[in-house]
Amino acid sequence: MGKYLVTSAFIDRFTRVLYKKGQVYETNDTKRIEELRTGGFLGEEVAPQTKAKEKPAKKETTKDANQ
C-alpha cells in the first residue's frame, strides 16, 4: 500500500475523511494518487519503515545432573 505525505488539507471525496497537512494518506489506487498529487494535496511517497530485526531470545541452558 502506498503512503504519501499530505501537503495540503483536504476531505477525501470517496471516504469523506479529513486529512490534515502532515498526515499520511494510504491507498493502492495509483489514479487517485496522481489526481491528488496534481491538485497539490499529496507530496512524495513516504518510505516504508523497516523494523529492526529482533534478536532471538537466548535459550536458557540447564546443567546436566552429572555436572
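Two strands count as paired here if DSSP finds at least two bridges between them. All the views below come from a predicted model.

**View 1. A three-stranded open sheet, ordered β4-β1-β5.** The pairing in this sheet is antiparallel. Out at the edges sit β4 and β5 (42-45), each with a single partner strand, so one side of each has no neighbour in the sheet. From one strand to the next, the twist averages 35°.

**View 2. Zooming in on β1 and β5, an antiparallel pair.** Strand β1 covers residues 2-6 and joins β5 over 2 bridges. Look for Y4, which stands opposite E45 in β5.

**View 3. Helix α1 lying across the sheet strands β1, β4 and β5.** Relative to β5, α1 runs at about 125°. The helix spans residues 30-38, and D29 sits in the loop that links β4 (24-27) to it.

**View 4. D29, a loop residue between β4 and α1.** D29 has 38% relative accessibility, so it counts as partly exposed. Its C-alpha is 8.5 Å from that of G2, although 27 residues separate D29 and G2 in sequence.

**View 5. Q23, in the loop between β3 (18-19) and β4.** Q23 is partly exposed because its relative accessibility is 35%, a value between the 20% and 50% cut-offs. Leaving aside residues up to four places away in sequence, Q23 touches Y4, L5, V6 and L18.

Technical notes
Residues numbered from 1 in each chain as written. Predicted model: local features only at pLDDT ≥ 70, side-chain atom pairs only at ≥ 80, totals over all residues. Heavy atoms only, no water. Helix = DSSP H or I, 4+ residues; strand = E, 2+ residues; numbered from the N terminus. Buried < 20%, exposed > 50% of the residue type's maximum accessible area, 1.4 Å probe, protein only. Axes fitted to C-alpha atoms, helices over the stretch in contact; angles between N-to-C directions. Contact = heavy atoms within 4.5 Å.
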